[in-house]
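Please read the points below with the structure open.

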Amino acid sequence: LEKKYDKACEFCKKHKTRIHYVIYGILITAYFAVVIAACSLNFQRALPLFIVTVLAIFFICWDFLIAKYEDRIAAFFSPGERYLEKQCLWLKWVLCAAFIIAIICWLVFDTAKQGSRQLISFGGLVLYVLLMFIFSKYPSRVAWRPVFSGIGMQFILGLLILRTKVGFAVFNWLGIQIQTFLEYSDTGAKFVFGEKYMNHFFAFKVLPIVVFFSTVMSMLYHIGFMQWLIGKVGWIMQIFMGTTPVESLVAAGNIFVGQTESPLLVRPYLPYITRSELHAVMTAGFSTIAGSVLGAYISFGVSASHLLTASVMSAPASLATSKLFWPETEKPTVTLRGGLQMAKGESKNLLEAASQGASTSILLVANIVVNLISFLALLAFLDSALSWVGNLFDYPQLNFENICAYAFMPFSFMMGVDWEDSFIVGGLLGYKTFFNEFVAYERLSKLIHNRKKGGSMYIDGVKQYMTVRSEVIATYGLCGFANFGSLGLVIGGLTSIAPSKKKEIAGGAFRAMIAGTVACFMTACVAGMLTVPGLEIPCHILLGNTFNSTDFPANGTEVVECCQQLFTSVNHSQEIFPGGNYSLSSWKGCCQILHQPAFHCT
């Protein structure tokens, strides 16, 4: 038996490659058989599986061709590249002119169709670019290609996701799948904390999501999927924006991982990067959020599709603002044409990767908990102290939120937030900047829940919820780690990775935080230009609020639409006065606005 076992082992070693091919062939054949069978039974139900399969085949073939025939492909396209280099000057101006004309035409037609609110967001975007240019480290050395191409990528991504049915449906579907996926963390939470775990929503519902997501990300990192995905996104940004490999990869990495984890992807190269590249690395961390906390914000009730869109759109925005605020003045030394070698996970197998991911999340969860406890306690003390000071001057309403609201109100209005909501959004931006985005999103979730419940929009002169448009813009504007707490985290984290850059890191971190904040504001401006929400609140609530309160305009567009829907439903109904949610005051108000005949209004 031992001799036969040795012979079998020798045979396996000798034909190891062929055996692997045979096993892979059997598994791939079985997978295709499953896909074909699923598509045959119900193609609509199997459509996501079919799309994932097609994309996987495309990228596998792409990687194979690039790895084997990269030199031949480069040689094939080199004549075209040389021609473009010769015609670069006039071609650049033609493309810029075409882009500007296209934007102007789009704004004219879109304003005629959707109204003038989008123009405010566009003006805000221009204003933020001008401010960054005025306060740039080296205004005369700004390279405009990364700036305009970054904003262009933002706009194209936003247009595809927010304005096309396919793009919106894809990201909406992704958001639903992520929400469904994150709900599996409830099983572990229920087992550990008991059936009534939802009674302590944040501690036993939100924080387990962070643990679960961290575990999954660690597993994806171990199998190499995250490195592959980050590499592809980074390559796209490098090609379109002309940024260096290091800053492109880190910006791409920040879409999925945190601001201290993404620089680890390019750890060997950090001691050799320029000051501008270092600034870009830090800005990318400040302008995005980590995937691990994304799930927590979704569990608050914030739109999953908008959070995903904001994470993707902020990556090119971070490079655009960084290259505008701190232009490149040195010659980059890390310019590997074949791509960077990204760091790999230290775990030996998938189970160890899962365990390490869960263990790593302990520090993150503890950090979230202690920060929230301390920040909320500090906020309560500040509000109490400010109220006492305000009471001395007969203004007891003075609090931290009001101060922040007045300070950030112009910025929120320039993003395209409705004027009556800009005070609230300004307060949220203040919470995010001086405390953290967790506190801000928690406050935003309360406003979202208030809107969904309906009821009076104003109580004692205080607005209880915002319009959907304002909520969407606020979601984009808050989606980043740019706050004073993260400032110390970035300085400490990057200094431990690249000690030789300690002085440059400390000197550029504050500017990077400002650039990251502006990147989030620019993403919110693009979202404000492109967002066309449906009806803000249900018609019966809107009409009830309109005709029972003096705070509502009596002939707003939404009110007229709701009244038209109300009378349309009468025309298709046998009842002259159908019951339901509509009150008598709603009917009377609609009769006065639309001047309907006596058949409906007597």
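1. A crossing of two helices is right-handed if the near helix is turned clockwise from the far one by less than a right angle. By that criterion α16 crosses α17 in a right-handed manner. The model is a predicted one.

2. Helix α16 spans residues 400-414 and helix α17 residues 419-434; they pack at about 110°, with axes 6 Å apart. Angles of 65 to 115 degrees count as roughly perpendicular, and α16 and α17 are therefore described as such.

3. Sorted by class, the contact of α16 with α17 has 13 nonpolar, seven polar and one charged residues.

4. L324 belongs to helix α14 (residues 304-325). L324 counts as buried because its relative accessibility is 2%. Apart from neighbours within four places in sequence, L324 contacts V129, M132, F133, S136, V142, W144 and V147.

5. In one of them, F375 and F435 have ring centres 5.5 Å apart and planes at 65°, so the pair is edge-to-face. F375 is in helix α15 and F435 in the loop between α17 and α18, so the pair ties together parts 60 residues apart in sequence. Both F375 and F435 are buried.

6. Y406 and F423 also form an edge-to-face pair, because their planes are at 75°, with ring centres 5.0 Å apart. Y406 counts as exposed at 55% relative accessibility, whereas F423, at 26%, counts as partly exposed.

Conventions
Residues are numbered from 1 along each chain as its sequence is written. This is a predicted model: local features need pLDDT of at least 70, side-chain atom pairs count only at pLDDT 80 or more; totals for chains, interfaces and linings use all residues. Side-chain values use heavy atoms; hydrogens and water are left out. Axes are lines fitted to C-alpha atoms, for helices over the stretch in contact, and angles run from 0 to 180 degrees between N-to-C directions. Helices (H or I, at least four residues) and strands (E, at least two) are DSSP runs, numbered from the N terminus. Angles under 35 degrees count as roughly parallel, over 145 as roughly antiparallel, 65 to 115 as roughly perpendicular and the rest as oblique. Ala, Val, Leu, Ile, Met, Phe, Trp, Tyr, Cys and Pro count as nonpolar, Asp, Glu, Lys and Arg as charged, and the others, Gly among them, as polar. Buried means under 20% relative accessible area, exposed over 50%, partly exposed in between (1.4 Å probe, protein chains only). Contact means heavy atoms within 4.5 Å. Rings of Phe, Tyr and Trp (its six-membered ring) pair if their centres lie within 6.5 Å; planes under 30 degrees apart count as stacked, over 60 as edge-to-face and the rest as tilted.
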